[in-house]
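Open your viewer and get ready to click along. We will go from one selection to the next and see what is there.

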Amino acid sequence: MNLLVLLKMVPDIVEELEVAPDGKSLDTSFLRTIINERDDHALEQALLLKERHGGTVTVLALDAPDIDDTLFAALAKGADRAVKITDAPEGMTTQTAARLCSQVIAGLPPADLILTGVQALDDLDGLSAAVIAQQLGFPYIGVVTAVTVNGSTATVLKEFAGGVRGEFAVTLPAVLGVQAAEKPPRYVPVAKVRAAMKSSKIETVPAPAEVAAAQIEVRQLAKPVVSSHAEMLEGSPEEIADKLVQLLAQRGLL
Amino acid sequence: MTSPLWILAETWRGQITETTLELLALGREVADQLRVPLEAVLFADKSLATSLGVADHVLCAAGVEPTPEAVAAALAQLVKERQPQAVLVPWTNLSMDAGALAAAKLNAPFVNGSKDLKADAGRLVAQCLVYGGKLEAAVAATVTPVLFGVLPGTRSADAGRSEKTPAITEVAVAVPETKVKFQRFLEPETGDVDITQQDVLVAVGRGIQQQDNLELAEGLAKLLGGAVCGSRPVIDQGWLPLSRQVGKSGMSVKPKLYLMLGVSGAPEHIEGMKNAQLIVAINTDAAAPIFNVAHYGINADLFEVVPVLTEKLQAAKGG
Amino acid sequence: MEPIRPIFYNIHEHYRWAEYTQYVLGGLTAVLFLWGLWRHVRRWRLGQPEKISWAWKERLAAFVKFALFQGRLATDPYALGMHLAIFFGMAVLFLGTALATLDLDVAHLLFGFQFLRGNFYLAFKLVLDVFAVALIVGLALAFWRRYVLKPDRLKNLVYPTFPLDSFYVLAILMAIAVTGLIVEALRLAAARPPWAAWSVAGSMLALAFRPLDAETLRTLHFLFWCLHGLLAFTFIALVPYSKIFHLVSSAVSIWLRHLGPTGALPAAEATGVAKIHDFTWRQLVQFDACTWCGRCQDECPAHASGQPLSPKNVILQLDAHLLGKRSGELISAAELWACTTCRACEEVCPVFIEQPRAIVEMRRRLVSEGQVEKGLQEALTKLGRYGNSFGQSDRARAKWTQGLAFKVKDARKEPVEYLWFVGDYASYDPRLQPITRMTANILQQAGVDFGILYEGERNSGNDVRRVGEEGLFEMLREKNMQAIGKAQFQKLVTTDPHSLHGLKNEYDGLKAVHYSELLDELLRSGKLQPARQLGRTATYHDPCYLGRYNGIYDAPRRVLAALGVSLVEMPRSRHRSYCCGAGGGRIWMEDTGEIKERPAESRVREAAALGVNTLAVACPKDWVMFQDAVKTAGLEGKLAIKDLTELVQEALQPAGQT
């Protein structure tokens, strides 16, 4: 089967995030980016499906700093093709980027299943998978945590609240918004990635000329206004424990 | 603009969800600021519409399959027909898909993860959490209609309840045959404990480091007459069953005491426990977001504090 | 009448045909032996090439000490005595037979004289008899140990040769020794030479045969001579096909022992070992050399704590596979992941097998196939991305310096005398950061000109290499070398023994010292002056990577002495130090299987049992592991874990201050 995975890079929140002087965007001078965690899971799910059913996995991404490392890592993990969309304009939102990607996807060999992360931590407008599904006329379901394929139908598990999951049957071709793969994303040894860098190539595709205009505007980006902060209990572990026991006793919790 | 403000009501297992009531409360506020009517869209039997009294008007359509595809198609159709200026959609696993699809069909913006909404010079501006809650963005749309994904917990559900019965209109929606069919629910193994009913919960996060260390939490829970629950990473590792997960994909809990060990405070977890009466958090990272949510914080190593605490609790109870 | 060795007594006269048959059988035995030997050599040649240094003087010295005189058994007097007796008993008797053959088939046959005559012959007889008795006693000790004392380590889960191999070997040797003495005794009883008393054992035994008549004696003599001969030939022919081959392979293995930095791994393919012939030929010799003694298993902390790993079993499985006795999946991933790479096994191995190297090379294959333990996977991802296993930004590496009254020099920007490679744990672990600051303060106080690499530093990669991620190790080494290359410094010092080993032995041309060596120097030169003597009793744990890997045992002890700490040694100290369980990436992994007693807990109990209240350590991972172990072992308040830095700090405060 043909599987397509859409990846993107997002700011790495392990690092400190600073707001740019314009007060509306991120300061990119010391920004580090990392693959969107949900997209990493989508890739893993695609690789698992390839292992089970055979076929090919194509990874697609918009050009961004450090995207090459991510694409080579995907190839080293077992993806067959990596395609990068170049010269896309700046300032796209999740929805406009997804529309652009849909146009590119329409030009690639048809996929049976398109997987991408259900959301990303820099999403402000829309969810990519839903937009892609809408543009391509495919069915869509998100927050997926398991996928099995039988012929032309996929059975997926979608997470609801309270640990409840729903089982859905989806006719292929379809788009899935992945929350978590059935196994944690596999580790790929550095030596394999380096080998992939030598032996594989990332194909490039130019972005379409027409790009939809953004329909949202960010008026301000700032550290969250903290309405409250916890009252800190200080001291040695002994002292802290004492204070906490006192507090619980006062509240009638002992 | 005089077009109404809508909320998408969601039902779960035949009941209106708490989040819907919270959206009603928020919607009421904002609709009053904009001086426009507040309407609720309900894809369920109209008997449920009576609890949506905070809204002025309920548009009701039964027979819509509970799949994101079907709900999105129905919602998009109604929005095209009636042109509200904005639709508030619960930002939950249940409704975010439908909202995203509907927005895509309408070529409308869908503002994600709003923790608050207000009117500013006739336009709606949402406060959105981004980058895992590290930053907040004030976002407005440049077109209408616009959909807003609203996080649970923006207002109290009580403020969304009313004795009044709203005006109810049954509408017809033509939903095309969808290629996504709901089959069944898979319940988590309930185990012996229902954490939503506990007075005391001891929550563990990544900071617990290893499954063996859970016994520290269990000891505390036992002494305090409660149970152990966990954040998503702990459940993903298999250290606790799904029935113990607290958060966006897990349970929502409101215990008297929520004692958190090594939980950083990601928004998805906070969603599930922010209404606990007394929240105490222990974490080695002084900048962990949890300290903005907890009532009391302890910036120390849980492996140092918990054993001492356990001893003292034992003494306090036994002595 | 001059004492002289009789030519084939009895046999030559009465059983000439047997004399000739003996030569034929001897020839056949030699062929079988050589053929068997060739089979082994052929299998060794399947291995990959490896350069061995010539270093004949060093190798000869090691050979004499360890191969001839069983140097590694010195701590086990029973085994040492037993094995020396058997080995030298056999060697001397074999030499005796060789001399006898020379005497007969060369000197007498070709040149018409004998050299086994006169006092030389008398001495010859005495020595042979004494060693024959020694051999028998040694074998008796061996039987006793194996079948009465039954130590666990002698149990074999795998037989690279055939079951009960050990029994047959001991039995046949015993039979050879005993029949040999009997043959001599029968001859002495029959011939009664005047110098018989020089054959001390034989002549005593001969007393038992005195009553028999000459005919009977000669017949018995012949029978036992045949038996002895047949057994001896069988034994020699059996050597390459049984466990006794270790006679040859151990000698080769000891000669070819690893020289160069202890425990340093050679550069190799990142894909690791998948098939037996992916190992080098020298490693294959080592697998063959294993004598199944199990000392490695006894020392192994993973094994003692109930993990599925036994170094003995790993080597025997590999040997069995090499010899074609076993195939398929022989060693489980769980066994390989359980290793802490502490090298205790390698250190006690009498034949110098490098078990940790084989384990690491097999781990490389697991990593390359993605069969990585879950916790390890997370750690490797963080190491690959952030250069540390804590998952914190590399930019936060020097945050520990906040809180110091002075600014630590940036060695990338200004020249320093000492470049201090701090290490992951000391930099990022909040429990260790105060100690790291203490170290900085002490160095500052002592007037040491030092600096750090700030964000340029990465995990040294030592443990990454040992979990089998060779590619990531190379990447970390590259990055560190870049940063180190830009810095200007004279000497490299580190607080972390794992980093020490990496920098000193597996990076390119760096010299590095451990901070205990630096403290030792500062205390001796007076640059650091304790304000008081601590006057306490403590014990000290030798870190694996400082002690066994780098031979640094005395510097930390001198430091403690200079601080007025009176040291009580634990039973397992110096090169027999018991690993805390964190090495080899274990600190990143979860416990697997049933744990009997974690290594760190066993160690703190060992310390507490000495009656001291302080356990001094010189490695950040030891500190962390033992702090946790003190709690789980219920020793809180009874045993304090102190880094050398903490003790130095204490001693620098005048009495009356804390």
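How much area do chain C and chain B bury between them? In this predicted model, the two chains bury about 720 Å², with 32% of that on carbon and sulfur atoms. Select the contact: nine residues of chain C touch eight residues of chain B.

Next, pick Arg431(C) and Asp301(B). Their side chains form a salt bridge, at 3.9 Å from N to O. Between chain C and chain B there are two salt bridges. On the side of chain C that touches chain B, you will find seven charged residues, two nonpolar and no polar ones.

Stay in chain C and select Asp76(C) with Arg295(C), a salt bridge at 3.1 Å, N to O. Asp76(C) sits in the loop between helix H3 (56-68) and helix H4 (77-111), while Arg295(C) belongs to helix H11 (residues 295-299), so the pair ties together parts of chain C that are 219 residues apart in sequence.

Last, color helix H5 (residues 118-149) of chain C. Its 32 residues reach 45 Å from first C-alpha to last, close to the 46 Å expected.

Conventions. Residues numbered from 1 in each chain as written. Chains lettered and ligands numbered in written order. Predicted model: local features only at pLDDT ≥ 70, side-chain atom pairs only at ≥ 80, totals over all residues. Heavy atoms only, no water. Contact = heavy atoms within 4.5 Å. Buried area = accessible area lost by both parts, 1.4 Å probe. Salt bridge = Lys/Arg side-chain N within 4 Å of Asp/Glu carboxyl O. Nonpolar A, V, L, I, M, F, W, Y, C, P; charged D, E, K, R; others polar. Helix = DSSP H or I, 4+ residues; strand = E, 2+ residues; numbered from the N terminus. Expected span 1.5 Å × (residues − 1).
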